[in-house]
Amino acid sequence: SDLNFIDTAGAFFLYRGVAQPLTHHPGFWGGSRLANTATAFGTLPGYARLVLWPGELMVDYSADAYPIQAGFGAALPIAGVLIFLALAGITLAAQRARPLLALAAGWIVVALLPVMHIVPHHELMAEHYLYLPLFGVALAAAVGLGALVRRSRLVARVLVLALVAALGLRTAARNLDWDDAWTLWESELAVTDDCARAHADVALLLWDDPKRDTPDQARLERHLRRALEIQERTIAGVSRIPVETIAAMLGAVEVAQGRVAAGLERLRWAHARVLQGGPLGRPELVRELTVVTLLNLGGAGADPVSRGLLLEAREAADAWLVRAPQPARVLLIRGRASHALCDIERARGDYAAVVSAEGSPDEALAGAELTVETFVEEGDLPGAREALGAARSRGLDSPRLQALGRALDSGAPPPPPRCP
């Protein structure tokens, strides 16, 4: 019966909308039920604009890319209420005289209700939310076209051909935007500069660019800062960007540009968030940027501050190693931190472990070279020869290992140790 259907629908709504939501959101858009409702109504003019002519299309309609409302005093929510009342009025008033038009208007209202944030969810607005409502729009257009055909078939045909041509050209142009990630996010930023996700993704693309040996640092930093600035203005806890990853990248850029204190603060914050678990984005990149930056700043550990940075780098590498998918790189970095701290035994242990750990051939080769060098540094030439032989038995060879082998074969005394 209808009652059983309503009961079932209500139970499903409470379960999936409240008890076990499919999408998570920490609270109301705008911070209150009033603001949330005004924001939801404010999306209706945006949907209406897309239906009338999809001129400016966006991938992400997150907060700031589409405005959050504080109440019903602004133009967008007022226009949204008027659109809703007009659709509801047509649904009720046209049931007898124009039932198809009433069905079309009612269909649009009902199809939009699930995405009107009665239960707030993470996606404020999306173009694919129009898929179902567009049936109502198409039905209303068909009703209007039918009335036009009865008056003038020629005008109706010209109108249909013009619409098909215009929408076809718009579709072809939009397909070009989806050619790759670069064109997609650049098209987004051409429409709005207030999309945190677009800035974050362009920054990640710049970061991963194989030509990043000479990157456009100013452009990279601008996108990183803009993404974080927009994110800070959104509702607490709602993130459409990998905040920890973006903050760590900006921190590394700041350190590289000489703003060490500000950069380290960002890196430490991002790393602490990663240690708490469950970050959005690329936690491995955050860990690596933090450890490598601390290691580079620590240098040779010539003073207490440098030694403190090296100890921090080694501690961060310890935490990283627990979750590292390729431990060879982490062992190599941790070994270098111990090496700079003159903890030769621990450094050698990490270097030796690199050779057999999961990683790249270059990392295995570096581990073998550094293992031999630590023996040479301590004046343990038999140990160096044994490590060199072990490397060769694994098929590892390089100009550096060959030079070490020649030095060992010559019987020349080892250089004075760096560490006391």
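**Labels and their cut-offs**

Analyst: P77 is found in helix α3. The model is predicted: local features need pLDDT of at least 70 and side-chain atom pairs count only at pLDDT 80 or more, while totals for chains, interfaces and linings use all residues. Residues are numbered from 1 along each chain as its sequence is written, and side-chain values use heavy atoms, with hydrogens and water left out.

User: What makes a stretch a helix, and how many helices and strands are there in the protein?

Analyst: A helix is a DSSP run of H or I with at least four residues, a strand is a run of E with at least two, and both are numbered from the N terminus. By that rule the protein has 18 helices and zero strands.

User: Why is P77 called buried?

Analyst: Buried means under 20% relative accessible area, exposed means over 50%, and partly exposed lies in between, using a 1.4 Å probe and protein chains only. P77 has a relative accessible area of 0%, so it is buried. Across the protein, 41% of the 420 residues count as buried.

User: Which residues does P77 touch?

Analyst: Contact means heavy atoms within 4.5 Å. Not counting residues up to four places away in sequence, P77 touches A38, F41, G42, Q69, G71 and F72. A separate value, taken from C-alpha to C-alpha, puts P77 and L44 8.0 Å apart in space, though they are 33 residues apart in sequence.

User: L44 lines the second largest cavity. What makes a space a cavity and not a pocket?

Analyst: On a 1 Å grid over the protein atoms alone, a cavity is a set of points where a 1.4 Å probe fits but cannot get out; a pocket is an open set with protein on both sides within 12 Å along at least five of seven lines; lining residues have an atom within 4 Å of a point. Grid points are joined across faces, edges and corners, and a volume is the space filled by probe spheres set on the points. Searching the whole structure gives two cavities of 30 Å³ or more, and the second largest cavity holds about 50 Å³. Its lining is L44, F84, L87, I108, V109, L112 and M116.

User: How do the lining residues of the second largest cavity divide by class?

Analyst: Ala, Val, Leu, Ile, Met, Phe, Trp, Tyr, Cys and Pro count as nonpolar, Asp, Glu, Lys and Arg as charged, and the others, Gly among them, as polar. The lining divides into seven nonpolar, no polar and no charged residues. In the largest pocket, of about 1,500 Å³, the lining has 37 nonpolar, four polar and three charged residues. Nearest the centre of that pocket lie L50, V51, L52, L134 and V137.

User: What makes a set of residues a nonpolar core?

Analyst: The members must be buried Ala, Val, Leu, Ile, Met, Phe, Trp, Tyr or Cys residues joined through side-chain atoms within 4.5 Å. The largest nonpolar core has 33 residues, of which W207, L220, L224, I246, M249 and L289 touch the most other members. The largest share of this core, nine residues, comes from α10. Apart from it lies another core, of 23 residues, including L50 and L112.

User: H117 and C342 both sit in loops. Are they buried or partly exposed?

Analyst: H117, between α4 and α5, has a relative accessible area of 2%, so it is buried. C342, between α14 and α15, has 30% relative accessibility and therefore counts as partly exposed.

User: What is phi in H117 and in C342?

Analyst: Most residues other than glycine have a negative phi. For H117 phi is near 60°, a positive value, and for C342 phi is positive too, about 65°.
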